[in-house]
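Please keep the sequence and the model in view while reading the points below.

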Amino acid sequence: MAQHGGGRGWYGKVVGAALGVTVLAAGASAWSAQAGAVDGTSPRAESSATPGTGVKPVSVTIAHASDKGARGVNITIDDGPDPVWTPQMLDVLRENGVKATFCMVGTQAQAHPDLVKQVVAAGHRLCDHSVAHDTTMDTKDQAYQSQQILDAERMITEASGGVRPMYYRAPGGAFTPYSRKLAASRGMRPLGWNVDTKDFERPGADAIVATVQQELSNGPTLLFHDAGGDRSQTVEALRRVLPWLKAQGYACGFPVR
């Protein structure tokens, strides 16, 4: 069984261009503390759409597995879109024939709708990563959590031209039973990670690649970033990691729904 990924995600500043705000990221929660069923309910997905919305609920459990099966790997890219780094990552993914899941911050999506549309047009999937990337969300009340999740969902959907995010990733892994249940009710599967590349620390492309190679046995979902600073090391690491994964017999897919 794959272990639940830990990690803290990006600890720097997220510039909310559309709202003119800057939020300092803080601490994070462990995945394992939030991975069970909510309120004693079954973790299975519901079978019918929410009345009046057309939205089909999904499982509240945190997804780690790949839809490509035992040799599947999920490439996930957080905190963008960014006008400098997202296009470069899209190029690398295209060159390697790989689809990824882009976990977008609401204000970034609102500020760069052209990039959101490029991501969708290339066949990648969208993920709600909250409005402000507040890694203390698990300490806040339900009204705040709801605003962060639902406003980001709206921003991303509008920026994409109507394509809804399929997942919700809490900033820094700061899930709560409430946030998971809310996201799942909106058709967004809570999304975890197994390999935190720590690329946000800019340890060098060699170190990022080595982390993937050494920790892939932890599970299939890899965490990278396309915003929050200079991501040239991430671009270079992806350029090397993707062919390596293929050579090892892995297939890149999407997180299970």
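Strand 3 and strand 4 run parallel and pair over three bridges; helices (H or I, at least four residues) and strands (E, at least two) are DSSP runs numbered from the N terminus, and two strands pair if DSSP finds at least two bridges between them. Within this pairing, I77 stands opposite F102 in strand 4. The chain passes from strand 3 through helix 1 to strand 4 in a right-handed β-α-β crossover, meaning that, with the strands pointing away from the viewer, the path from the first strand over the helix to the second runs clockwise.

The model is predicted, with local features needing pLDDT of at least 70 and side-chain atom pairs counting only at pLDDT 80 or more, while totals for chains, interfaces and linings use all residues. Residues are numbered from 1 along each chain as its sequence is written, and side-chain values use heavy atoms, leaving out hydrogens and water.

**The chain as a whole**

- The protein chain contains seven helices and ten strands.
- Of its 257 residues, 52% are buried; buried means under 20% relative accessible area, exposed over 50%, and partly exposed in between (1.4 Å probe, protein chains only).
- Among contacts in the protein chain with a separation of 6 or more, 76% are between residues 24 or more positions apart, where contact means heavy atoms within 4.5 Å.
- The accessible surface of the protein chain is about 10,300 Å², and carbon and sulfur atoms account for 51% of it; such areas come from the Shrake-Rupley method with a 1.4 Å probe, and for residues only the protein chains shown count as cover.

- Strand 3 spans residues 72-78, and seven of its seven residues are buried.
- In a regular strand, the side chains alternate between the two faces of the sheet.
- In strand 3, G72, N74, T76 and D78 point one way, V73, I75 and I77 point the other way, and all are buried.
- Strand 9 (residues 221-225) runs parallel to strand 3 and is joined to it by five bridges, with T76 opposite L223.
- Strand 10 (residues 251-253) also pairs with strand 3 in the parallel sense, over three bridges, and N74 stands opposite G253 there.

**T101 in strand 4**

- T101 lies in strand 4, which covers residues 101-104.
- T101 counts as buried because its relative accessibility is 0%.
- Beyond its neighbours within four places in sequence, T101 has contacts that include I75, T76, I77, R125 and C127.

**Cysteines C103 and C127**

- The whole structure holds zero disulfides, a disulfide being a pair of cysteine sulfur atoms within 2.5 Å.
- The cysteine sulfur closest to that of C103 belongs to C127 and is 3.2 Å away, so the two are too far apart for a bond.
- C103 counts as buried at 1% relative accessibility, and C127 is buried with a relative accessible area of 0%.

**Helix 3**

- In helix 3 (residues 113-121), the buried residues are L115, V116 and V119.
- These residues lie on the same side of helix 3 because they cover an arc of only 105 degrees around the axis, the arc being that of the directions from the helix axis to the C-beta atoms.
- The buried residues of helix 3 pack against helix 1 (85-95), strand 4, helix 2 (106-111), strand 5 (125-128) and helix 4 (142-160).
- Just after helix 3, G123 adopts a positive phi of about 90 degrees.
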